[in-house]
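Try each task before reading its solution.

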Amino acid sequence: MIRSCLVLVLLSTWNCYGQSTSSSRAAAEYYLAAYAQHYGVPLDFARAVVEQESGWQTCVRSAKGAVGIMQLMPETAIRLGVRNRCDVEQNISGGVRYLAWLMRRFHGELRLVAAAYYAGERTVERRGLAYSNPDVVVYVASIRQRVEQQRRIWNAPSKRAPRRAQ
């Protein structure tokens, strides 16, 4: 009985690809920070995209065919050289490179970058800020809210009182 309970507990903490769910989140955080810094993408923006797209689930599949932690579409993954969209490092590398490319294409305008990540760059390129698809508007607002929430958390003053000089 104890052995079967132990096996059940161990299995419940492992995802379908043999990685611990807690270790895969830590790995995802590591790769996201490293690639965001390397490609010059604001980390809070990249985190907001991951939270919105997959909620940190490593191999989730959308109804439209996007896969992985950054929800890469098959065509986008091919274009970015991502062979396994369920591989956390490959998916994040591709997703962050795509964000960096969109940042260059839309001159750092993160509202357009978020909209293009969701709806495709060609669609947003044609309409710019006039693009008013309700789903895209909600998506961009959610990304913005997540970024602002992260900035408040990271910039919050410490609760400890500062030391006095003696």
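**Before you start.** This is a predicted model, in which local features need pLDDT of at least 70, side-chain atom pairs count only at pLDDT 80 or more, and totals for chains, interfaces and linings use all residues. Residues are numbered from 1 along each chain as its sequence is written, and side-chain values use heavy atoms, with hydrogens and water left out.

**Exercise 1. Cys-86**

Task: Decide whether Cys-86 is buried or exposed, and find the cysteine with which Cys-86 forms a disulfide.

Solution: Start with the cut-offs: buried means under 20% relative accessible area, exposed over 50%, and partly exposed in between (1.4 Å probe, protein chains only). Cys-86 has 15% relative accessibility, so this residue counts as buried. Next, apply the disulfide rule, a pair of cysteine sulfur atoms within 2.5 Å. The sulfur atoms of Cys-59 and Cys-86 are 1.6 Å apart, and the two form a disulfide. This pair links distant parts of the chain, 27 residues apart: Cys-59 is in the loop between helix H3 (43-53) and helix H4 (74-80), and Cys-86 is in the loop between H4 and helix H5 (88-105). The rule gives a count of 1 disulfide.

**Exercise 2. The overall fold**

Task: Work out how many helices and strands the protein has.

Solution: Helices (H or I, at least four residues) and strands (E, at least two) are DSSP runs, numbered from the N terminus. Counting them gives 8 helices and 0 strands, and the pattern along the sequence reads α-α-α-α-α-α-α-α. Of the 166 residues in the protein, 37% are buried.

**Exercise 3. Surroundings of Ala-28**

Task: List what Ala-28 is in contact with, leaving aside neighbours within four places in sequence.

Solution: First place the residue: Ala-28 is in helix H2 (residues 21-39). Its relative accessibility is 1%, so Ala-28 counts as buried. Then search for contacts, that is, heavy atoms within 4.5 Å. With those neighbours left out, Ala-28 is in contact with Trp-56, Ile-69, Val-88 and Ile-92. Ile-92 is 64 residues from Ala-28 along the chain, yet their C-alpha atoms are separated by 7.5 Å.

**Exercise 4. Surroundings of Glu-51**

Task: Repeat the search for Glu-51, again leaving aside neighbours within four places in sequence.

Solution: Glu-51 is found in helix H3. With a relative accessible area of 24%, Glu-51 is partly exposed. The search returns Trp-56, Arg-146 and Gln-150.

**Exercise 5. How H5 packs on H6**

Task: Describe how the axes of H5 and helix H6 (residues 110-119) cross.

Solution: Axes are lines fitted to C-alpha atoms, for helices over the stretch in contact, and angles run from 0 to 180 degrees between N-to-C directions. These two axes come within 9 Å and cross at roughly 130°. That makes H5 oblique to H6, given that angles under 35 degrees count as roughly parallel, over 145 as roughly antiparallel, 65 to 115 as roughly perpendicular and the rest as oblique. Finally, look at the residues: Gly-95, Tyr-98, Leu-99, Leu-102 and Met-103 in H5 meet Leu-110, Val-113, Ala-116 and Tyr-117 in H6. By class, this contact has 8 nonpolar, 1 polar and no charged residues, where Ala, Val, Leu, Ile, Met, Phe, Trp, Tyr, Cys and Pro count as nonpolar, Asp, Glu, Lys and Arg as charged, and the others, Gly among them, as polar.
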